[in-house]
Amino acid sequence: MSDEPLRAMLSRAVDQLRAATELTMHEVVGLRALPDEARSPEVCYALGIIEGAATARHATPRELLEDFDLLTTPRRS
């Protein structure tokens, strides 16, 4: 998979996680188990996307999101 489709897929997953949880991406990718109140099918799917892409790229989720500049929230203009 080229970088642009992967970036789009990861961006959607990150946006979904940011919208669904009050956790930062640093906190989300560092967790092994989400709190029960944050565990929804959408959140689990988004985490699976990130984990799967990281595994395919032989990286950690944190490294993958850093490579695509998705670990931090974009600055608002």
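Contact here means heavy atoms within 4.5 Å. The legends below describe a predicted model.

**View 1**
Along the sequence, the elements follow the pattern α-α-α-α. The chain has 77 residues, and 30% of them count as buried. Its exposed surface comes to about 5,300 Å². Carbon and sulfur atoms supply 52% of that surface. Take the contacts between residues at least 6 apart in sequence: 62% of these join residues at least 24 apart.

**View 2. Leu34 sits in the loop between α2 and α3.**
Which residues does Leu34 touch, not counting residues up to four places away in sequence? They are Leu23, Arg39, Val43 and Leu47. Two of these partners, Val43 and Leu47, also belong to the α3 side of the contact with α1. Is Leu34 buried or exposed? Its relative accessibility is 9%, so Leu34 counts as buried, since buried means under 20%. The C-alpha atoms of Leu34 and Cys44 are 9.0 Å apart. Along the chain, Leu34 and Cys44 are separated by ten residues.

**View 3. Helix α1 packs against helix α3.**
Two packed helices are described by the angle between their axes and the distance between the axes. Helix α1 covers residues 3–20, and helix α3 covers residues 41–56. Their packing angle is about 145°. The axes lie 9 Å apart. The crossing of α1 and α3 is left-handed. From α1, the contact takes in Leu6, Met9, Leu10, Ala13, Val14, Gln16, Leu17 and Ala20. From α3 come Glu42, Val43, Ala46, Leu47, Ile49, Ile50 and Ala53. By class, the contact has 13 nonpolar residues, one polar and one charged.

**View 4. Leu6 and Met9 are two α1 residues in the contact with α3.**
Leu6 lies in helix α1. Its relative accessible area is 5%, so Leu6 is buried. The C-alpha atoms of Leu6 and Ala53 are separated by 8.1 Å. Along the chain, this pair is 47 residues apart. Met9 also has its place in helix α1. At 24% relative accessibility, Met9 counts as partly exposed. That value falls between the cut-offs of 20% and 50%, which is why Met9 is not called buried. Between Met9 and Ala46, the C-alpha separation is 9.3 Å. Met9 and Ala46 are 37 residues apart along the chain.

**View 5. The largest nonpolar core has 20 residues.**
In soluble globular proteins, nonpolar side chains tend to be buried together. Which residues have the most contacts inside this core? They are Leu10, Leu17, Met25, Ile50 and Leu65. The helices α1, α2 (25–30), α3 and α4 (61–67) each supply at least two core residues. Helix α3 gives the most, with six residues.

**View 6. Met25 is one of the residues with the most contacts inside the core.**
Set aside its neighbours within four places in sequence. Met25 is then in contact with Val14, Leu17, Arg18, Ile50, Leu65, Leu70 and Leu71. Among these partners, Leu17, Ile50 and Leu65 are also listed with the most contacts inside the core.

**View 7. Arg18 is a partner of Met25 and has its place in helix α1.**
Is Arg18 buried, partly exposed or exposed? Its relative accessible area is 23%, so Arg18 is partly exposed. The C-alpha atoms of Arg18 and Val28 are separated by 9.2 Å. Arg18 and Val28 are ten residues apart along the chain.

**View 8. His58 has a positive phi although it is not a glycine.**
The phi of His58 is about 55°. Where is His58 found? His58 is in the loop between α3 and α4. With 78% relative accessibility, His58 counts as exposed, because exposed means over 50%.

**View 9. Asp69 has a positive phi too, and is not a glycine.**
The phi of Asp69 is about 55°. Asp69 lies in the segment after α4. At 63% relative accessibility, Asp69 counts as exposed.

Methods. Residues are numbered from 1 along each chain as its sequence is written. This is a predicted model: local features need pLDDT of at least 70, side-chain atom pairs count only at pLDDT 80 or more; totals for chains, interfaces and linings use all residues. Side-chain values use heavy atoms; hydrogens and water are left out. Helices (H or I, at least four residues) and strands (E, at least two) are DSSP runs, numbered from the N terminus. Buried means under 20% relative accessible area, exposed over 50%, partly exposed in between (1.4 Å probe, protein chains only). Accessible areas come from the Shrake-Rupley method with a 1.4 Å probe; for residues, only the protein chains shown count as cover. Axes are lines fitted to C-alpha atoms, for helices over the stretch in contact, and angles run from 0 to 180 degrees between N-to-C directions. A crossing is left-handed if the near helix is turned anticlockwise from the far one by less than a right angle, and right-handed if clockwise. Ala, Val, Leu, Ile, Met, Phe, Trp, Tyr, Cys and Pro count as nonpolar, Asp, Glu, Lys and Arg as charged, and the others, Gly among them, as polar. A nonpolar core is a set of buried Ala, Val, Leu, Ile, Met, Phe, Trp, Tyr and Cys residues joined through side-chain atoms within 4.5 Å.
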